Amino acid sequence: MSDEHLVEDHDRGLAFDLETIARQLVERRKALLWLGSAGATALLTGCGGGGDDSSSSSGSTSSSSSGSSSSSSSSSSGSSSSGSSSSSDSCVADASETNGPYPADGTNTSSGSTSNVLTSSGIVRSDIRSSFISSTTTAEGVEVTLTLTLVDVNSSCAALEGYAIYVWHCTADGEYSLYTKPTESYLRGVQVTDANGQVTFTTIFPGCYSGRWPHIHFEVFESLSSATSGRNAELISQLAMPEDACDTVYADTSTYPSSATNLARIGSISSDGIFGDNSSAQIAQMTVALSGSVSAGYTATALIGIEA
C-alpha cells in the first residue's frame with residue numbers, strides 16, 4: 001500500500017479541511033430545505049389547510065374581533081361611570097330630536113314675540129342655575145355638573161374644538177324659563193368646546209313633567225358666531241337622565257313635587273315618544289352617565305357624536 005493511501009483525512013491540511021466543510025454545509029442545507037418543505041406540506045394537509053379554508057379562517061378571526069370590539073364599545077357607552085361617556089374610542093351619531101316648544105333659539109315665539117336668548121348678553125356662561133336677563137333668581141334643585149364631549153363620527157371620534165353648544169331644560173317642577181316662567185331666564189346657557197371637544201355646565205337635575213322622560217335639550221353650532229339663530233344648528237337633540245338617578249332624586253317630593261308620579265306613568269326611556277325610536281347604541285350614548293349623590297351633587301358626562 002502506498003504512502004498516499006496511509007494519509008488520514010485529518011492530516012491533509014487546511015485547504016482540504018475547508019473544502020470538505022464547505023461541501024458538507026451545502027449538502028446539509030439541501031437536506032434541511034427538503035425536510036422543511038415536506039414538513040410544511042404534511043402540516044397543511046393534517047390541519048385541512050388550503051386557500052379557501054385559510055381565507056375562511058382569517059375571515060372568522062376578523063369577525064370575532066370586530067364583534068368583540070363592538071360589544072365592548074356598547075358596554076362602555078351604557079356604563080354608569082362618569083368616564084364611559086367621555087371616552088372617544090367609539091361613537092355613533094346622535095339622533096336628531098325636536099327642540100320642543102320652549103327652545104328660545106329664535107325659531108318660535110314667546111308672549112307674542114320671537115324668543116331668542118342666544119342673542120342676549122350673558123348667555124355664554126358655565127353656571128346656568130340663575131336668571132340673567134330681567135331677574136337673578138336661582139333655580140332650585142339637586143346640583144349637577146354636566147360635561148359634554150363633542151366628537152366627529154366621520155373622523156374616528158376625533159374631538160371637535162370651537163363648536164358652540166346651547167343647553168336648556170325644565171325646572172324641578174317641570175316648567176321652562178321665558179315661557180311658562182316668562183320672567184326667568186335660568187337653566188339656559190352656551191359654552192364653546194375646548195381642545196378636548198368639551199364644555200361644562202353647572203345646573204340642576206331636571207324634573208319630569210307629564211308625557212316625557214326626564215331630559216336635557218341641546219343644540220350644536222359650528223361656531224359661537226353662528227349660534228345666533230336656532231336655524232343654524234348642526235344638530236338639535238336631547239339627553240336622557242338615567243332611571244336609577246331619577247328614582248333617587250325624585251324621592252324628594254318637596255323639591256320635585258310630581259316627578260316621581262310622572263316618571264312612573266312613562267315607564268322607561270324606550271317608552272318615551274322622543275327617545276323610543278332610536279337605536280340601542282344611540283339611547284346608550286344619549287343617556288347621561290352620573291356619579292355622586294343628592295346631598296353632594298352629581299357629576300354627569302355625555303358623548304355627543306355628529307357628522308362634521
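Throughout these legends, a residue is called buried under 20% relative accessible area, exposed over 50% and partly exposed in between, with a 1.4 Å probe and protein chains only. The model is predicted, and local features need pLDDT of at least 70, side-chain atom pairs count only at pLDDT 80 or more, and totals for chains, interfaces and linings use all residues. Residues are numbered from 1 along each chain as its sequence is written, and side-chain values use heavy atoms, with hydrogens and water left out.

**View A. The disulfide between Cys91 and Cys157.** A search of the whole structure finds one disulfide, a term that here requires a pair of cysteine sulfur atoms within 2.5 Å. The sulfur atoms of Cys91 and Cys157 are 2.2 Å apart, and the torsion about their S-S bond is about -95°, so the disulfide is left-handed. Cys91 is buried at 16% relative accessibility, and Cys157 is buried at 8%.

**View B. Cys170 and Cys208, with their closest cysteine sulfurs.** Cys170 is buried, with a relative accessible area of 0%, and its sulfur lies 8.1 Å from the closest cysteine sulfur, that of Cys208, too far for a bond. Cys208, buried at 2% relative accessibility, has its closest cysteine sulfur in Cys246, at 7.1 Å, which is likewise too far for a bond.

**View C. An open antiparallel sheet of four strands.** The strands, which are DSSP runs (E, at least two residues) numbered from the N terminus, follow the order S6-S5-S8-S9, and two strands pair if DSSP finds at least two bridges between them. Strand S6 (188–192) and strand S9 (235–240) are the edge strands, each pairing on one side only. Strand S5 (residues 164–168) and strand S8 (residues 215–221) pair over five bridges, and Ile165 stands opposite Val220 in S8.
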